[in-house]
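Subject: Structure handover

Hello,

Here is the structure, followed by notes on what was found in it. Please read the notes with the coordinates open.

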Amino acid sequence: MSVVHSRVRPALFAELSDARRRLDHADPDSPLFLLVSAPDGSGKSDTVHAWLDTGDREYPAGVVVSGNGDKLTHGYFAGVQPLIDHAVTVAESEAPELVAAAEQSLKRLFPHRDSPAYRVPKDLTGVAGRDERTRFYFHEYQDKLLNGVYEFLDAFLTWAEQPYTLVIDNAERLSPTALRFLGTLARRRRVCRWLTVVLLADKEPDMMLTECSARVAPPPLARPEARDLIRSWGFESPGAKQLDSLWRLSQGRPARLSALMRCLGTKVSLPGYLSFETHLDLHLSLLGERSRYDLLEQYVQGHCADDDPVMVRNYETYDADTRERVHREYLAEHGGKPEEVFHPVHHLGLRDVSDQVVALAPLSISLQEIGLYDTWFDLFSRFWADPQLRTLPGGGQMHNLVYLRMSFVLYSLGLAHVSIPYLDTFYQHFPQSLYTPTVLYSQSMAHGRYQSPPDLETAERFALLNLERIENDFQDHPKHEYIKVFAENALAYIRARQGRMDEALKLCTEGMERMQSIYGDEKYALHQSILVYNTAQIYEMVKDFPKAYEVYQRTISLDPNYGEYANDLANMLQRTGRFEEALQYYDRAIKLCPPYYEAHLNRARLHARAGDTEAAERDFRRVVELKPDEARAHLGLGVLHLKQGDPAGALTALDAAVYHDPKNAQAWSNRGLAQSALGHPDEAEESLRTALARDPRLAEAWNNLAHVLHESGRTQEALTCLDSAVNLSTDPDYVYNRAVLRLEQGDEAGARADTELAGERGADADDLADLRTRLARAAASASS
């Protein structure tokens, strides 16, 4: 059996302590993580844990939690999961309010774990059966969940008031989801006043980790260090020549040195002309079949996570049929259980790639239903391009569903051109599949909603073909009426995009009534809520706001824990001037959902319209905290700073806005104003002309450019810009500005005409009175 020898290297303690002192969570430019990077078997883990055990008065390790970052052996949140599990367990018994405050994030990111501290039921997406999962979380939803988990961890550590250290081994194998979480931790940093993260990597980890880390790179063992390590294991000190052989064959790695000592224990000598792997093979040959099989079983049952060279070599060289059988035995025992999602190594342990796809299907669907699209694609995209796998029989299996759902997510990511060919392929190969109505529905949505620009003609063709197929060929479908209403809903969307609102409303309302009469309130509740929601949106599009309000209310009553419905109703209320009620629904959406940047963004705009600049700034800053690349929040902050007379602060925010969204004409326009206020006319003109290149119909940019040109003495060019602003917008301020410039130019007739036009457009009475006074003075001066 495997023998684990301690691989502690005390000589590295001082270097680790020095690197730890360079970490400073309060300094955004300082390292945040401690990265120990060296080849596998270098003794990193044992050394780091021994160093942590020695204690440091200045930086105590506190509670040490260890995790393995290998996504194949420990799952989508590998490396970080043990710390979250620990925090939830402690909080459940001692501070359950912390779990309750973050439950929307925790229970969606970790659906395999329930908690007695949860207080709010799941929304319909969370409780619906797999066959009804027609609503996917938007791809950015994962970042809300990760921010929510980060804030739970921050609250927990603040409550615990003691240091924690998280040690993540195999950091180069972290999942994209875990990497994004560490990126959130690195960006927000506050949690690191209590938490030290130590990353152990065999190879170069992700660049983000390297950039954020103080790095320690342990050198190979020196000969004396190797000799001392052998003695510490209880072996006799080898002779000089034998020590040289051990040292060279081990490449200075303690794990290899331990394996070689076990080889010596089975009388395998260490001739210098044989490789390290050869010595392991000779050692394994002497163990006997029973012992080798026990090692194999132990390694597989441990999810192939053991880094002992003997265990790894035994697995690599074992009979492939037996090795696969042990993996299949594990899957037979654990397949379908919640913990299966953590160990895809067993599914990938099957030799045939088709078997891998079939075995991975349930796990893959689980990841997609959580919304972890980055890790999902990382695991499964390798199979996407294989034409043989894309058409595995028989069209109605779970592995077929994986490909279909991947196509759905691809078009929602803006990759309809990647998704559509697969949908075509599926329909050609499996025209009678029970998934055919779903495929045709997806084609209509891919072409009519997600493709840019949309192709409504093709979308309509697929929607009508779907209804025809359902009526003619799928009468015996177990959910015939359900899928028919679903298909009609797709056609309703297309009709709405075509401006045929009456037809769209009729399709939605009749579909709702049929669903209600056939299935009642309980069955297909998720889809019924979606139908009602779509109907509310159409009423809003035709500006029947009272009816839209009524239908939105019903939508919320059907799925009261789905915060997005509350946000959408609040948006409509804001557009129709019902600010107080809109605020109530934004508050509800934010309370229900994980850190919900869209609701904060929408509420910030409402506060800004109402003149509550402090509340608006709080919400805009909350958006930037949650989603730093949200250009609209940076733009909002820039506009607030301009109104507060802070052009330097405005420019900082607007620089961020155009960085994250260089096509945002409004951001460029306001950036020009900020540069003008700071006395930089050339830069201001460049920004404003960039705004107009992005959107030539942006009247405010023409007006702002006129202001900059006028300040530079280029009045005639400014007047030309104001002509464009007046023609593009009914804003009376633009007419007023043109009247002032015309008056300056001596064009009294033009100024008088603009004064009247500004009055017709609702200009401020005092401004109009001032203009008329100036016109009268000009007339009197001319007559005298």
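With a relative accessible area of 61%, K543 counts as exposed (exposed means over 50%, buried under 20% and partly exposed in between, with a 1.4 Å probe and protein chains only). K543 lies in the loop between α27 and α28 (545-558); helices (H or I, at least four residues) and strands (E, at least two) are DSSP runs, numbered from the N terminus. The phi of K543 is near 65°, a positive value in a residue other than glycine.

On the source: this is a predicted model, in which local features need pLDDT of at least 70 and side-chain atom pairs count only at pLDDT 80 or more, while totals for chains, interfaces and linings use all residues. Residues are numbered from 1 along each chain as its sequence is written, and side-chain values use heavy atoms, with hydrogens and water left out.

Backbone

Y524 also has a positive phi without being a glycine, at about 55°. Y524 is in the loop between α26 (501-519) and α27 (525-541). Y524 is buried, with a relative accessible area of 9%.

Two cis peptide bonds are worth checking by eye. One runs from P393 to G394, with omega near 0°, and G394 is in the loop between α20 (387-390) and α21 (398-412). Another joins S452 and P453, with omega about -5°; P453 belongs to the loop between α23 (436-450) and α24 (456-473).

Sheet

There is an open sheet of 5 strands in the order β2-β3-β4-β1-β5, with parallel pairing (two strands pair if DSSP finds at least two bridges between them). The edges are β2 (63-68) and β5 (213-216), each with a single partner strand, so one side of each has no neighbour in the sheet. On average, neighbouring strands of this sheet are turned by 20° against each other, direction ignored. For such angles, axes are lines fitted to C-alpha atoms, for helices over the stretch in contact, and angles run from 0 to 180 degrees between N-to-C directions.

Strands β3 (residues 164-169) and β4 (residues 195-201) run parallel and are joined by 5 bridges. L166 has V197 as its bridge partner in β4. Helix α1 lies across β1, β4 and β5, and runs at about 170° to β5.

R22 is in the loop between α1 (13-21) and β1 (33-37) and is partly exposed, at 43% relative accessible area. Apart from neighbours within four places in sequence, R22 is in contact (heavy atoms within 4.5 Å) with S30, P31, A214 and R215. R22 and S213 are 191 residues apart along the chain, and their C-alpha atoms are separated by 9.4 Å.

Cores

The largest nonpolar core has 94 residues, and F33, L106, F152 and F156 have the most contacts inside it. A nonpolar core here is a set of buried Ala, Val, Leu, Ile, Met, Phe, Trp, Tyr and Cys residues joined through side-chain atoms within 4.5 Å. Helix α8 (residues 141-160) gives the most to this core, with 10 residues. Not counting residues up to four places away in sequence, F152 touches A87, V88, A91, L98, V99, A102 and L106. A second, separate core of 54 residues includes Y519, A570, Y585 and A599.

Aromatic residues

The structure holds 25 aromatic pairs (rings of Phe, Tyr and Trp, the last by its six-membered ring, with centres within 6.5 Å; planes under 30 degrees apart count as stacked, over 60 as edge-to-face and the rest as tilted). In one of them, the ring centres of F380 and F383 are 5.1 Å apart and the planes are at 65°, so the pair is edge-to-face. F380 is buried, at 0% relative accessible area, and F383 is buried, at 3%. One aromatic cluster is formed by F380, F383, W384, Y403, Y422, F426 and F430.

R323 sits over Y315, 5.1 Å from the ring centre, and R578 sits over Y549, 4.5 Å from the ring centre.

D767 is in helix α41 (residues 765-783) and is partly exposed, with a relative accessible area of 28%.

Regards

Note on methods
A charge sits over a ring if NZ of Lys or CZ of Arg is within 6 Å of the ring centre and within 35 degrees of the ring normal.
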